[in-house]
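This report concerns one protein structure, shown directly below. Please keep the sequence and the model at hand while reading.

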Amino acid sequence: FPSSTYIKMWADTQRELDTMLQRERQEFLQPEEDHEKAMKMLCTAYVQYLEMLRSLEAAHDHLLHGQRRVAVRRVLDGVIGRLLEIKREMVALDKSECHCMDGVLMELKRVPEDIEIPIPKYFIKENLRILQEREEYLHEILLNAGLLEQEPVTAMTLEEGIKVIQVAERARQGRARAAFMKRIYLEEKRESRKAEQETGKNQDAAATCIQKVWRGYSQRKKTEKLREEEMIFLGMNSTEMINGTGSLPPDVEAMSSLQKANVLQGKFWEREDFCFREELRQTEGAHIKETLQDQITQCFLECRHITGRFPDYPPEKTGGSKAIFIEKHPEQVAEELAAKKEAEQKEKEGIAQEKPKEKRPEKDGKKVVEIGWKMGPSNFLSILEEGSSQYQVFWEKRDNRWDFLQDHDPELIKGGQREEVEEEIRVQVDEVMKEKLLNIKKALDGETGPQGKAKKGEKGKKAAGKKKMLELEKDRTPDSDSLACRTIESLYQQLAEEGLLIRVKHVNLSDYIGHYDCLRSILGETGAQPRPSIPEVRQLVALYGILPLGSQTVHENAPLVKSLLLAGPAGVGKKMLVHAICTETGANLFSLTPSNIAGKYSGKEGLMLLLHMILKVGKEWQPSVVWIRDAERMYSKGASKAEEEVNFKRLAKLLPQLLKAVKPKDRVLLVGTTSSPFSANQGPFCKAYQKIILIPKPDYLTRFGKYFSSSWLILLFRIPVSLWKHCILQRGGALTKLLDLNCLARVSDGFTQGHVVDVVHTVLTELRLLQMARRPLRTAEFVTSLARHDPVYIEEEEMFQ
């Protein structure tokens, strides 16, 4: 689609968003006692925000105008954050991570696939060059350390070798023939010139020369005319008059406009960003500098008038003079303290007189919330409202017709760069004002340095506060040769060489195949708690893992999820989901698997050093994922005997410190995977992870891929290929009538995705693929191989529940 289509999509989505914000102010601010009604409101808002997210992501990915992309990106982050806030309210209200939204989808005329979480492409696109360089750097480290084998050179077959030799020989013969013909042409030309010089040109030769020039000119004119007619027919030239109307037909004009979009898109991306910093420094720099100096001087004079002395200049680590404007006036602080004490006194008196509230009874057999449900405060509504106002600026000030040469808005760029210029000037002003303050204090008060020593009590409190600081936040990686701290590159290399920083397998979340089960709603109506389906697992992984890690704004303001546990039988795809999180966000992958750290970092100090290195590298080069495989081993029941088990349990005690050291600004996620969570001590094990996702084995629909053979039903539900079909085709196999996928789907009931992949790889060897043309695949081959595996029995599956 052309850019104007995405501008219109942005405009339509923005109008829907404004309507949604107005509805939220009316409905969500009012307490709601009916549990079902509140849940329906949240589910409706969830589906609508997902639709807006999908439209905004498409518009952001295709818009050419840089400033518009920034505006759409701001709204896009706000919609993602609001989606996560609504999900938090749904979980708190429904007491479950999986919700039945069939009624809402039918009311909104949507299908289950419409609630799939779209992954924004800018997570990777905006940092593509950095991610590629980091991947090459890691590949080089692993190759030099001998942890990665050089990719073997594949040997050619006899047919490929013959083809290469034939191509080279034909090219050699062509070059030799061209050189031979060139030599003959030059000899003939030399002889003709020699003959002309001897005999001179006659009238026939002159006429032939004139005819040659004219025919060439006439043919060039005809060729240009034919080319122009072809361009008009293809809709790539709108300068010619068609049928005397002076314009092209609508379909041809649309095609011509599309060609313009494709040609000009590259030029827009290659244009350099306009920088007005130097112009702002020259025009407004002096005024900004003078204003800052006057404000700082006035603040110092007021402080001396109240306290009797000049204050100390704030250090750079607290923000310098910026801290002066953040801090409040001493009189304002005194007034606020007095008002706070008065409010606390009134609150105590009111509590003493207040009677205890009675619980609300049930109403018409429906659950009634005791104090009524009310939407919690949001950190993203202000971002969405700001994006709406910024959209109005673009829509009112800019010409939104189709104009690909529409230039930037200088005032908007200056407004964004003015803050950076003010910050640069403020740093210069701080140096000047700090020296002036010292001279004034020395001249008037006789002070020669910072005054006001801390009292013993305050000093003790500060010391206690420093002592209370997390040990992981202390720098434990000094260089042995100097007092300077080690670089991030050296720590990155050390972690990679020791196998603690591993390569990410490139796999997308959409590769985790699974389909919706329409029978789950029936189980929900009976009161039973159904197991989560594979699409719901994809949604939860996207909501708690991918979306927060991909955007800094979302991670800082959304409900913070620091740890995630994936539990399920062996082979259901837990490892694949971990790599999918890293692939979709471009995150580093640190492996804290107990078997991986065995014998490397023993003792408490060694583990503290290891966690500190991972945190330091992960925070500097974020986003990062810390993966603990077989997480239940750290919380195993019974007394520890071996030294490795003692070290694992010591690591479990340090995990709370690791999570506490991760702040909202740090895009670091702890992901644990376990195949036997029931063998661990449930209390501390579940307490270490904020979110626990149960990964199910594939159901019949996922294994087979369709309900009936009718094509219209597949089209209606948009069901993709089955697990068996996907694995066989990906391996290079061919499907024939001798291969019954329905039979394979029924026989493989109870087996996991890993079993299916292993069976396909076992059957489809290189030799079997070569024999496929004369010996097609049969169902018995896969059934025989599948019989060698043990399925997941019902008793084991119930233990995960």
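The model is predicted: local features need pLDDT of at least 70 and side-chain atom pairs pLDDT 80 or more, whereas totals for chains, interfaces and linings use all residues. Residues are numbered from 1 along each chain as its sequence is written, and side-chain values use heavy atoms, without hydrogens and water.

A nonpolar core is a set of buried Ala, Val, Leu, Ile, Met, Phe, Trp, Tyr and Cys residues joined through side-chain atoms within 4.5 Å; buried means under 20% relative accessible area (1.4 Å probe, protein chains only). The largest such core has 84 residues, and Y46 and Y49 make the most contacts inside it. Helix α2 contributes the most to this core, with 15 residues. Because domain 1 and domain 3 both give residues to this core, it lies between them; the domain bounds come from an automatic or database assignment. A second, separate core of 44 residues includes L615 and F648.

Helices (H or I, at least four residues) and strands (E, at least two) are DSSP runs, numbered from the N terminus. In helix α16, the buried residues are I488, L491, Y492, L495 and A496. They fall within an arc of 135 degrees, seen down the axis of α16, so they line one face of the helix; the arc is taken from directions from the axis to the C-beta atoms.

An open sheet has six strands in the order β3-β5-β6-β7-β4-β8, with mixed pairing; strands pair if DSSP finds at least two bridges between them.

| Strand | Residues |
|---|---|
| β4 | 563–567 |
| β6 | 624–629 |
| β7 | 668–674 |

Technical notes:
Buried < 20%, exposed > 50% of the residue type's maximum accessible area, 1.4 Å probe, protein only. Contact = heavy atoms within 4.5 Å. Axes fitted to C-alpha atoms, helices over the stretch in contact; angles between N-to-C directions.
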